[in-house]
Amino acid sequence: MIPASFSYHRPAVLAEALKILSDHGDDARVLAGGHSLIPMMKMRMANIPHLIDLQDIPDLAQISLEGNRVVIGAMVTQAQLINDQTLTSAAPLMKEAALQIADPQVRYMGTVGGNVANGDPANDMPGLMQCLNADFNLIGPSGERTVAARDFYEAAYVTAREDDEILTSISFDAHAAGYAYEKQKRKIGDYATAASAVLLTKDGQTCASASIAMTNLSDTPIWSQAAGDALVGTTLDDGAIKDAVAAALSDIDPTEDNRGPVAFKMHVAGVILTRAIQRAWSRA
Ligand SMILES: Cc1cc2nc3c(=O)[nH]c(=O)nc-3n(C[C@H](O)[C@H](O)[C@H](O)COP(=O)(O)OP(=O)(O)OC[C@H]3O[C@@H](n4cnc5c(N)ncnc54)[C@H](O)[C@@H]3O)c2cc1C
């Protein structure tokens, strides 16, 4: 289908993008890789009179490691996440997850900023960012502010970002071991039926910390404090893993759709979470 007509803006600096956004209010939206927004416009589910393409703003497309802190610009593509060696050494969870998103064509265009700002419960990066306890860095007319990924998602497609704010970057502490991203999908290139991100640290044979997040099993990503707590202080014996899975399942609220009924999704969630915990522990 063909979208309704729109004006295309392509600013070279962030200040200009912000100005266009505030000049046009609800009639404007930023464009990143366009792999969610353009299909919505083509299907006439979104009518955006002013599109502000961010691809000419070079500062938004950098990946850096500042001490132990990883900073990823909003316009970094999923392909960059996969191919950046510094990032893979500092946070291999990013590569493991990005490789399970869509297909190579989509990953060359889809950006990390678009993926997390979209607010689609099926996107993989929001849960991943909650698992990493990432911060989202935003800029708007009143200046810059930071929102924790764990506080960002309010409902499907509703986030803490104001309409006149642009996500500039995402930052989180490096975490090089004890990671796993597990995803069940109907076919290659599909969104998750259920996905889970897990980060664990070990002290001797005991679990010292655990962070667990789930994707596409509620109308927002779910970070389960109770699931992590069920693992900390244990040796990750079968009983502890069962307790963690039970805790995570009581935090999610999947709905029936073309990926299956609720009972099936709960079953798949339990299987993929068990696998993710076991794989993360084997790498801790
Ligand atoms: C066939 C196909 C399969 C896919 N499979 C998956 C999958 O398995 N898993 C998955 O996670 N994703 C999947 N995607 C989505 C894709 O990976 C992109 O991440 C997603 O489209 C959003 O990124 P984008 O850069 O394309 O954003 P866009 O489509 O350009 O933007 C999405 C939304 O975010 C807003 N936005 C973008 N950047 C910013 C910013 N910096 N600040 C503020 N707001 C911003 C836009 O205004 C828009 O509302 C798939 C897409 C396709 C087409």
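This is a predicted model: local features need pLDDT of at least 70, side-chain atom pairs count only at pLDDT 80 or more; totals for chains, interfaces and linings use all residues.
## The ligand shell

The ligand is surrounded by 30 residues, and the closest of them are Val30, His35, Ser36, Thr111 and Asp124. By class, 13 residues of this shell are nonpolar, 12 are polar and 5 are charged.

An oxygen atom of the ligand lies 2.7 Å from a backbone N or O atom of His35. Gln78 places a polar side-chain atom 2.9 Å from an oxygen atom of the ligand. For Tyr191, a polar side-chain atom lies 3.0 Å from a nitrogen atom of the ligand. On its own the ligand has 970 Å² of accessible area, and the protein covers 92% of this. Strand S2 (28–31), helix H7 (112–117) and strand S10 (166–173) are the elements that give two or more residues to the shell.

## Helix H1 and its buried face

Helix H1 spans residues 14–24, and its residues Leu14, Ala17, Leu18, Ile20 and Leu21 are buried. Seen down the helix axis, the buried residues of H1 fall within an arc of 160°, so they line one face of the helix.

These buried residues pack against five strands named here in order: S1 (7–9), S2, S3 (50–53), S6 (135–140) and S10. After H1 comes Gly25, which has a positive phi, near 50°.

## Ile166 in strand S10

Ile166 is located in strand S10.

Setting aside residues up to four places away in sequence, Ile166 touches Leu14, Ala17, Leu18 and Leu21, among others. Asn47 is 119 residues from Ile166 in sequence, and their C-alpha atoms are 19 Å apart in space.

## Ala102 in a loop

Ala102 sits in the loop between helix H5 (92–98) and helix H6 (104–109).

Apart from neighbours within four places in sequence, Ala102 is in contact with Arg107 and Gly189. Ala102 and Cys207 are separated by 105 residues in sequence and by 33 Å in space, C-alpha to C-alpha.

Notes:
Residues are numbered from 1 along each chain as its sequence is written. Side-chain values use heavy atoms; hydrogens and water are left out. A residue is near a molecule or strand if one of its heavy atoms lies within 4 Å of it. A polar contact is a pair of N or O atoms within 3.5 Å; within protein, one must be able to donate a hydrogen and the other to accept it, and residues adjacent in sequence count only if both atoms are side-chain atoms. Accessible areas come from the Shrake-Rupley method with a 1.4 Å probe; for residues, only the protein chains shown count as cover. Helices (H or I, at least four residues) and strands (E, at least two) are DSSP runs, numbered from the N terminus. Ala, Val, Leu, Ile, Met, Phe, Trp, Tyr, Cys and Pro count as nonpolar, Asp, Glu, Lys and Arg as charged, and the others, Gly among them, as polar. Contact means heavy atoms within 4.5 Å. Buried means under 20% relative accessible area, exposed over 50%, partly exposed in between (1.4 Å probe, protein chains only). The arc is that of the directions from the helix axis to the C-beta atoms.
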